[in-house]
Amino acid sequence: MDNNISYYVKQYVDNGKTIKATFDENQKLQDKTTSYTADGLDIEIRELIDNENVLIDSTYCKGGKEVKYVNIFSGSKSVTTSEYDEKGNIILKIEKSKSDIKVSDEELDEMIQRCKESPKTVQ
């Protein structure tokens, strides 16, 4: 058996949310996926950590179809929101970046937290 471990995965359920986290050999979080259902939506939030940057993809599905997707990247301070109709066509796409808006690190952290906690923006 090879004793060299390059990563390990921890999966658990917390308050109805299934969480799967991948850690490197130094026990540093590399990737975390949180899946749950709220307000009739199946929600999956994936956080990828690369050094000090965080990429968060949030996917909202209703009836097996994606209705909204939110992407936040802390490195470039960019936020992309896409909304879809019942056939999967994009009906709204909003892209904002550091060059478009002035966002402080604290405001970006707040946006990331709201994205993680608030699925109610999709009807």
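Buried stands for under 20% relative accessible area, exposed for over 50%, and partly exposed for what falls in between (1.4 Å probe, protein chains only). As background, nonpolar side chains in soluble globular proteins tend to be buried together.

A word on bookkeeping. Residues are numbered from 1 along each chain as its sequence is written, and side-chain values use heavy atoms, with hydrogens and water left out. Since the model is predicted, local features need pLDDT of at least 70 and side-chain atom pairs count only at pLDDT 80 or more, while totals for chains, interfaces and linings use all residues.

Zooming out, the chain has 1 helix and 8 strands, which follow the pattern β-β-β-β-β-β-β-β-α along the sequence. These elements are DSSP runs numbered from the N terminus (helices: H or I, at least four residues; strands: E, at least two). Of the 123 residues in the chain, 33% are buried. Contact means heavy atoms within 4.5 Å; among contacts between residues at least 6 apart in sequence, 17% join residues at least 24 apart. The chain exposes about 8,400 Å², and carbon and sulfur atoms supply 46% of that area (Shrake-Rupley method, 1.4 Å probe; for residues, only the protein chains shown count as cover).

Now for the strand pairing, where two strands pair if DSSP finds at least two bridges between them. S1 and S2 run antiparallel and are joined by 8 bridges, with tyrosine 12 standing opposite isoleucine 19 in S2. The two strands make a hairpin with 2 residues between them, and asparagine 15 in the turn has a positive phi of about 50°. S2 then pairs with S3, again in the antiparallel sense, over 6 bridges. Here phenylalanine 23 has leucine 29 in S3 as its bridge partner, and threonine 18 has serine 35 in S3. This hairpin has 4 residues between its strands, with glutamine 27 in the turn at a positive phi of about 65°. S3 and S4 are antiparallel too, joined by 8 bridges, and lysine 32 stands opposite glutamate 47 in S4. In their hairpin, with 2 residues between the strands, aspartate 39 takes a positive phi near 50°.

How many aromatic pairs turn up? The count is 1, taking rings of Phe, Tyr and Trp (its six-membered ring) with centres within 6.5 Å; planes under 30 degrees apart are stacked, over 60 edge-to-face, and the rest tilted. The pair is tyrosine 8 with phenylalanine 23, stacked at 5.1 Å centre to centre and 15° between the planes. Tyrosine 8 sits in strand S1 (residues 7–14) and phenylalanine 23 in strand S2, so the pair ties together parts that are 15 residues apart in sequence. Tyrosine 8 is partly exposed at 34% relative accessibility, whereas phenylalanine 23 is buried at 17%.

Glutamate 25, in the loop between strand S2 (17–24) and S3, is exposed at 52% relative accessible area. Leaving aside neighbours within four places in sequence, glutamate 25 is in contact with Ile5, Ser6 and Tyr7. The C-alpha atoms of glutamate 25 and tyrosine 8 are 7.5 Å apart in space, for 17 residues in sequence. Threonine 81 lies in strand S7 (residues 78–84) and is buried at 17%. Beyond four places in sequence, threonine 81 touches Lys68, Tyr69, Val70, Leu92, Lys93 and Ile94. Phenylalanine 73, in strand S6, is partly exposed at 28% relative accessibility. With residues up to four places away not counted, phenylalanine 73 touches Asn53, Val54, Leu55 and Ser78.
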